[in-house]
Amino acid sequence: MSLKLQTDRHFVVSGIVVLVLLTIVIKLFYIQVIDSRYKFSAQNNVLRYVTQYPVRGLIYDRNGKLLVSNKVVYDLLVVKRLVKSFDTTEFANLLDISTDQVREAFTSLKKQRGYSSRKAMVLLKQLPVDVCNRFREQLFRYPGFELQPRTVRKYERHIAAHMLGYVGEVDENTINNNSYYQLGDYIGISGLEKTYEKELRGKKGVNIYMVDVHNRIKGPYENGKFDSVAVEGKNLETTIDADLQEYGEKLMVNKIGSIVAIDPKTGEVLAMVTSPSYDPSLLVGRERAQNFMQLQTDSLKPIFNRSIMALYPPGSTFKVVNALIGLQEGIVHPYTQYSCAGGYTVGRGVGCHIHRSPINLTEAIEMSCNTYFCHVFRNIIDNPEYGSVEEGLNVWRKHVESFGYGHKLGIDLPNELGGIVPSTSFYDKYFRKGGWSSLTIISLAIGQGELSATPLQMANLVSTIANRGYYLTPHIVKSIGDSLSIDEKFSQMHRTTIDSVWYNYVIEGMDMAVNCEPGGGGTARIAALPNIRICGKTGTSQNPHGKDHSVFFAFAPKDDPKIAISVYVENAGFGATWAAPIASLMIEKYLTDSISRPYLENYILQANLLNRRGKTK
Amino acid sequence: MGKIFGRYLKGDRTIWLVVFFLSAISLLAVYSSTGTLAYKYYGGNTSHFLLKQLGFLIFSLVVVFIAHLISYKVYYPFSTLLMGISIPLLLFTLVFGTQLNEASRWIEIPGLGITLQSSDVAKFSLVLYVAKVLSQYQKEPINLKQLTFKLMLPIALICVLILPANFSTAVLVGITCWLLMFVGRVKLRHLLGFTGVGAMALAILILVALQFNTIKRVHTWKTRIESFASSENDESNYQVEQSKIAIATGGIFGKGPGKSTQRNFLPHPYSDFIYSIIVEEYGWIGAIGIIMLYMILLYRAALIVKKSKRTFPALLAFGLALLIVLQAFVNMAVAVNLIPVTGQPLPLVSMGGTSLFFSSAAFGIILSISRTQSKKELFDGEEPVEDNN
Ligand SMILES: [Zn+2]
């Protein structure tokens, strides 16, 4: 026992221990310098921020009828640390959910962002009031649970789903890009809810409390000096006529397409129907996700807002534009006559129906003569004054675009599409430079071919005609909160490149199309009303997806236009058969608030025009 | 100062300084209970904390002082006896501990009013015992049979008995003994061989434990009453999170004494997570300072081994130093989230408990060993103690 240790193994051991101790220094460095996450969470520890959620603004129609309001639901919060064992089945029954849902909720609880067993975390969302009242009586038996009131949307009338849009929880992306939003906040996701999110949401308030080790509130921080009060969201008064909207949706049941009605004097949208539609209240509450999935997988695409997103060929309605361009450019005169013997025979040719011949411009619109507009269109494009076909198309295109085609109109709804007006570069690419002529693109004469527009653009076009040469950007919101002014851009007049005098000839043609004598050749006589002079134009647009689309646009009354409307029914057939009567009923409903032709209404209501795709005309 | 060292505080002066520094830090860390938040929430009753800690401090210094006066030779004959006491003690707590639940690690010594953690007694005794056995086999290297029966089996027995109640202590003691045997010239291949056998046994043990666990879980699943209360896992996650916040917000110079806010959010700020609080308040200076103090202790112990002419005191001093330093490592490693949460106090710094008593005793014994070595031997190259300032 008196022998000295001869090896230096103790220094080896000391060295190893020193290295092990150094790992702590490295980890310290990592936490302090490299991983900055924990620096910011410190403040949240001592203080608890309790958000005061403002009430979202209400939405009214143009006559003060309530469209969207709010109702109270409850989120069930849980501080996991305080939870005692309980009877799962009883708990689930109390909350009207299954035991599996309870287990699932607890499993997913931990995966939440910023999860802590000591903080109140959301366990179940949007429980209905009656369930919560029942649960509240038993709350004392479930320590660690609390109910937090939230408001969600309530729809007074089950209409205008696409236009109103819906509200949902903010996604991760929005939270990262916008400091206002926090996990669990609601945000407008589509429609007016999205466009006017800032006005509707108001401003969240916050109460800051001091908390102790057990996360118990000890009182307001600095006597509430830094607290802020929630500001209520502003109400929206829309331009929509709820009764007209409802009627339009009723007429469009079992049909695919859209109705857009505008007050031409103001650009106010009176109705915007997209069909098929859905009940907006489906996207509220706990069943929202499930319902959304169901709508999304529906083959008829009920979520798709056709009024502003569907790109349709405008068909014969577009003839009025070609007529106006021809008049403005001086290549056709109101008295210019062309004869038609069943079609335009140059090149591949364009067929026409049987009507009297020869006819002038007004008659060509009344009877929707294809031949006439092929002449007009080719004369515009090939006008020797321009020098080339390309320049001819440029002139034509500039005019077309002044009608609001080929670009977004700028309505106060998200996701609007701008449609297509083909350009020279498009045809240069499609064929080859110099490889096309006015004959190649003759389909444009009758609104077919590479041309497309949304139902909103078509309604805006007829509104422009009603105004004899100008339009105001269509919009849905009339006033926000107490202020009567809206965005300046909605009161700006957009003038077309066509002199106002030329519109009279086109309007005359549209008048005759509806109101000519029996046997006079008018294509839309079905739309005529005894006391209201409607001016309209039918369209029957060919498309690769089966039967022709039925199109009609009109305004009324002729002398003092109060409503401009476009109706588009997919794969339905002739414009006069379906679209024209729908437009006529809508106009009558809006102007007289009554229906004088119940047979016509029944005829439309009973029609089922679904599933006509792929069938030949 | 020098006079005090010379006359009353004998032994390695550097180790004494380590003791004083650690005690001072422990007092400072508790001083932070007078910090703003704690002041509000504990109703201003901070003097209670301070006095209590001061009491502990005096107690531990007294233990160090008494232990350093007792000659290490006293422990030599006692070591086998202490082992003899430890085993039934551990068995007792293992059997009755489960019934008493929380108290499973603790035994009260009648009359003294002191509660002892049986594993603390055991690890202390084991180091003593291993040092003794190793010192007996320095002339002739220990053979495999002797190694098995005199060292490995007793070590394994103690570790296995500690294991159920206190996993981390068992591992800590195991590693300390391993390193001590390595220093005590046990053949490396023998050590590695036994390590392999031990690892395999542990693996089987864990497998069996897991099996039991699933059966238990299946059982509770069948009963309708389910517990969704936070699991232990949740709790330790929370603690680690809070500890990291404390460290991250400490910075280089720290928030200053008594400025810790995280102290309010850590469940055991004065024992298990005291290191995080020190980093929060004293920054890198505190963080590295503490590590340095333990490194210095190890270095001085290594010097004792080098200078010592006798093996028992050398191994005893080194073994006790290892025990202290490794325990300190475990405590700090938990605070910085290198290893899972386990309740090892920071020796001489964490507040209260038997740990403090045994840490103090260990320091005292190391000092006692350094005291009995000749001055010349120990203070090689330094001035004699009496003549220095
Ligand atoms: Zn014709």
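**Figure 1. Asp593(A) sits in the loop between α20 and α21 of chain A.** The model is predicted. Phi of Asp593(A) is near 55 degrees, a positive value in a residue that is not glycine. Most residues other than glycine have a negative phi. Asp593(A) has 11 C-beta neighbours inside 10 Å and therefore counts as exposed.

**Figure 2. Helices α20 and α21 of chain A pack at an angle of about 125 degrees.** Helix α20 covers residues 579-592, and helix α21 covers residues 598-605. Their axes lie 10 Å apart. The angle makes α20(A) oblique to α21(A). The crossing is left-handed. From α20(A), the contact takes Pro581(A), Ile582(A) and Leu585(A). From α21(A), it takes Leu600(A), Glu601(A), Tyr603(A) and Ile604(A). By class, six of the contact residues are nonpolar, none is polar and one is charged. The loop between these two helices holds Asp593(A).

**Figure 3. Helix α1 of chain A spans residues 9-34.** The helix has 26 residues. From first C-alpha to last it reaches 37 Å, close to the 38 Å expected at 1.5 Å a residue. Which residues of α1(A) are buried? They are His10(A), Val13(A), Ser14(A), Val17(A), Leu21(A), Ile24(A), Leu28(A), Ile31(A) and Gln32(A). For context, 41% of the 617 residues of chain A count as buried.

**Figure 4. Lys489(A) lies in the loop between β17 and β18 of chain A.** Strand β17 covers 477-480, and β18 covers 493-495. Is Lys489(A) buried or exposed? Lys489(A) counts as exposed, because 12 C-beta neighbours lie inside 10 Å. Leaving out residues up to four places away in sequence, Lys489(A) touches Gly410(A) and Thr473(A). Thr473(A) is 16 residues from Lys489(A) along the chain. Their C-alpha atoms are separated by 7.2 Å.

Figure 5. Most peptide bonds are trans. Pro276(A) is found in the loop between β13 (268-275) and α11 (288-297) of chain A. Pro557(A) lies in the loop between β20 (549-556) and β21 (563-569) of chain A.

**Figure 6. Overall make-up of chains A and B.** Chain A comes to 21 helices and 21 strands. Chain B has 14 helices and three strands. Of the 389 residues in chain B, 47% are buried. In chain A, residues 24 or more positions apart account for 71% of the contacts with a separation of 6 or more. In chain B, 74% of the contacts between residues at least 6 apart in sequence join residues at least 24 apart.

**Figure 7. Helices α11 and α12 of chain B pack at an angle of about 160 degrees.** Helix α11 runs over residues 274-307, and helix α12 over residues 311-335. Their axes are 9 Å apart. The two helices are therefore roughly antiparallel to each other. α11(B) passes α12(B) in a left-handed crossing. Contact residues of α11(B) include Tyr275(B), Tyr294(B), Leu297(B), Leu298(B) and Val305(B). Those of α12(B) include Phe318(B), Ile324(B), Val325(B), Asn331(B) and Met332(B). The contact has 17 nonpolar, two polar and no charged residues.

**Figure 8. Helices α6 and α8 of chain B cross at roughly 10 degrees.** Helix α6 covers residues 118-136, and helix α8 covers residues 167-183. Their axes come within 10 Å. The angle makes α6(B) roughly parallel to α8(B). The crossing is right-handed. α6(B) gives Ser119(B), Lys123(B), Leu126(B), Val127(B), Val130(B), Ala131(B) and Leu134(B) to the contact. α8(B) gives Thr169(B), Val173(B), Thr176(B), Cys177(B), Leu180(B) and Met181(B). Nine of these residues are nonpolar, three polar and one charged.

**Figure 9. Leu348(B) lies in the loop between α12 and α13 of chain B.** Helix α13 covers residues 353-372. Leu348(B) has a positive phi of about 70 degrees, although it is not a glycine. Leu348(B) is buried, with 27 other C-beta atoms within 10 Å.

Definitions and conventions: Residues are numbered from 1 along each chain as its sequence is written. Chains are lettered from A and ligands numbered from 1 in the order in which they are written. This is a predicted model: local features need pLDDT of at least 70, side-chain atom pairs count only at pLDDT 80 or more; totals for chains, interfaces and linings use all residues. Helices (H or I, at least four residues) and strands (E, at least two) are DSSP runs, numbered from the N terminus. The expected span of a helix is 1.5 Å times one less than its number of residues. A residue is buried if 20 or more other C-beta atoms lie within 10 Å of its own, exposed if 12 or fewer, and partly exposed in between; C-beta atoms are placed from the backbone. Two residues are in contact if their C-beta atoms, placed from the backbone, lie within 7 Å. Axes are lines fitted to C-alpha atoms, for helices over the stretch in contact, and angles run from 0 to 180 degrees between N-to-C directions. Angles under 35 degrees count as roughly parallel, over 145 as roughly antiparallel, 65 to 115 as roughly perpendicular and the rest as oblique. A crossing is left-handed if the near helix is turned anticlockwise from the far one by less than a right angle, and right-handed if clockwise. Ala, Val, Leu, Ile, Met, Phe, Trp, Tyr, Cys and Pro count as nonpolar, Asp, Glu, Lys and Arg as charged, and the others, Gly among them, as polar.
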